[in-house]
Amino acid sequence: MWPNNALIDLFKAEIQKAWSFPILEIAVGLIAFTTIANIHVLLNISTQTGLLASFSILISDSFFDSLYSQMLFLSIFCGVLVSLSFARDYEQGFMQTLLSSPVSRSVVFLVKFFAVILPLTILTWVMTTSIVFLNFYSGSSVMVVIEKALWALPVIFIALMFCGGFAAFISLSLKRTIPSVLTVVLAGFSIWYISTVTSDVVGNIANYFILTPFPVPLIALSRVFGRVVTPFISLGDFEYVLPTWVFWVLSVFYALVFLVPVYVYFTRRFEIRE
Amino acid sequence: MLFLNASSEHVPRSYIYTLGEIPVNVTHVYVVSIAPVGPGNISVGYFRITGNAPGLGGPPSELFAESVVLPLHLLITDPANRTLFNADIVTPDFFAVDFNTRGDYLVYLTNNGNKSESIPIGVQFGEGNLQNREFDKYMLSVTLTLIGVILIVVGVVKKLVAKPVLSC
């Protein structure tokens, strides 16, 4: 089914609303800053036969370190934008207008959700890939950068889907802008903080913190990159026992765990109260 | 932001890489991929270096090194395939190179000795040498920062000039 004009107009309007000044500028600035701050200096010695493998490691490390640094900011930023999109529109009465239009509830929900997720994913991916490419530019590095970038794209998308789904759940539950935004910010920090708690502090239970939503997509990406050591190594060796597919399945699970129930609720049970 | 990053980005002081043994009369090629980071040394035959390599400036300190002694033929070319050094040497030794181009510097080693050996290759830079930063990134940062400053000043001036006109 091809999207009609109303769908495209609604999507454009939602993007303009969600990414109005200075939101886009702040996002661009912070993504660029975190990427540049984590790019490794180009300095590598290898043999001619081992050059691609060496570059692969350097570029993988730069991609991973950049995304690891960006993930906290991106998750909170995404959560705040989705909260604003749902809760603010509910408070200001725009939700009522949208739901009484000829567009279906399903389309309204998906448009509002992906008007935040898709641009943020593309913006992060394009900026990170461009900066890594410019830093490591040489004849040998182009295909390596493209290969790593193609794996980074779904990871960014899946990670932001979790943040957006969680934020939609909070904002449709609380239906108030400020409490929703504050709750999302606090929850985002808490989820990140859990992944930094080591076994020295809480004992062996810290081993299982690598299965929380923050580290899971990053570990999945590190496995694809062939990176053995991740920042989560301080949480214990449990990470190395689990096969790679576990982290990918968990990533997709987290992406849908809030999104699907909230979508069903919005399309079937959600009511506007005066 | 970019100026801050590029101005603080300093290349690591020493980086050494060792491959397996080079058989007698065989040539191996090492690739040094590097950004334009200014003057430094390429070392041949040093497994570990502590202290300032000769000719790099910085505070004087006693050079401590683990090395291997072997006669070699050494050829170094820059990313534009210009020859920087081409002669017979005896390791260990340092060779001054101005890394002024981003790309791959090729180091060809031919073992002229009578036994197979591992030959480490390294790059060294002076401690605290302000020249040893990624020059192209630094210039881009300066340019973008200046453009940003100009835009901000123009915006502020326009706002200040427009105000009295609107209030009349």
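The model is predicted, and every value below is computed from it. Over all chains, however, the structure holds 7 salt bridges.

**The interface of chain B and chain A**

- The contact draws 25 residues from chain B and 21 residues from chain A, and across it the rule finds 4 residue pairs in polar contact, both residues of each pair being at pLDDT 80 or more.
- On the side of chain B that touches chain A, the elements giving two or more residues are helix 1 (2-8), strand 1 (14-17), strand 3 (27-34), strand 10 (103-111) and strand 12 (121-124) of chain B.
- Strand 3 of chain B supplies the largest share of that side, namely 6 residues.
- By residue class, the side of chain B that touches chain A divides into 16 nonpolar, 4 polar and 5 charged residues.
- Strand 3 of chain B also pairs with strand 1 (residues 43-47) of chain A, in the antiparallel sense and over 5 bridges; within this strand of chain B, Tyr30(B) is the bridge partner of Thr47(A).

**The make-up of chain B**

- Chain B has 2 helices and 12 strands, and from the N terminus on its elements run α-β-β-β-β-β-β-β-β-β-β-β-β-α.
- Of the 168 residues in chain B, 40% are buried.
- Among the contacts in chain B with a separation of 6 or more, 74% are between residues 24 or more positions apart.

**Helix 9 of chain A**

- Helix 9 (residues 215-225) of chain A is mostly covered, with 9 of its 11 residues buried.
- The buried residues of helix 9 of chain A include Pro215(A), Val216(A), Pro217(A) and Leu218(A), and also Ile219(A), Leu221(A) and Phe225(A).
- Just after helix 9 of chain A, Gly226(A) takes a positive phi of about 75°.

- Side chains of opposite charge can pair when their charged atoms come close.
- In chain A, the side chains of Lys112(A) and Glu14(A) meet in a salt bridge at 3.3 Å, N to O. Because Lys112(A) lies in helix 5 (residues 105-135) of chain A and Glu14(A) in helix 1 (residues 5-18) of chain A, the pair ties together parts that are 98 residues apart in sequence.
- Both partners of this pair are buried: Lys112(A) has a relative accessible area of 1%, and Glu14(A) has a relative accessible area of 4%.
- In chain B, the side chains of Arg82(B) and Asp78(B) meet in a salt bridge at 3.0 Å, N to O; Arg82(B) counts as partly exposed at 49% relative accessibility, whereas Asp78(B) is buried, with a relative accessible area of 6%.
- The side chains of Lys115(B) and Glu117(B) likewise meet in a salt bridge at 3.0 Å, N to O; here Lys115(B) counts as partly exposed at 43% relative accessibility, while Glu117(B), at 17% relative accessibility, counts as buried.
- Returning to chain A, salt bridges that share partners join Glu14(A), Lys17(A), Asp89(A) and Lys112(A) into one network.

Methods: Residues are numbered from 1 along each chain as its sequence is written. Chains are lettered from A and ligands numbered from 1 in the order in which they are written. This is a predicted model: local features need pLDDT of at least 70, side-chain atom pairs count only at pLDDT 80 or more; totals for chains, interfaces and linings use all residues. Side-chain values use heavy atoms; hydrogens and water are left out. Contact means heavy atoms within 4.5 Å. A polar contact is a pair of N or O atoms within 3.5 Å; within protein, one must be able to donate a hydrogen and the other to accept it, and residues adjacent in sequence count only if both atoms are side-chain atoms. Helices (H or I, at least four residues) and strands (E, at least two) are DSSP runs, numbered from the N terminus. Ala, Val, Leu, Ile, Met, Phe, Trp, Tyr, Cys and Pro count as nonpolar, Asp, Glu, Lys and Arg as charged, and the others, Gly among them, as polar. Two strands pair if DSSP finds at least two bridges between them. Buried means under 20% relative accessible area, exposed over 50%, partly exposed in between (1.4 Å probe, protein chains only). A salt bridge is a side-chain nitrogen of Lys or Arg within 4 Å of a carboxyl oxygen of Asp or Glu.
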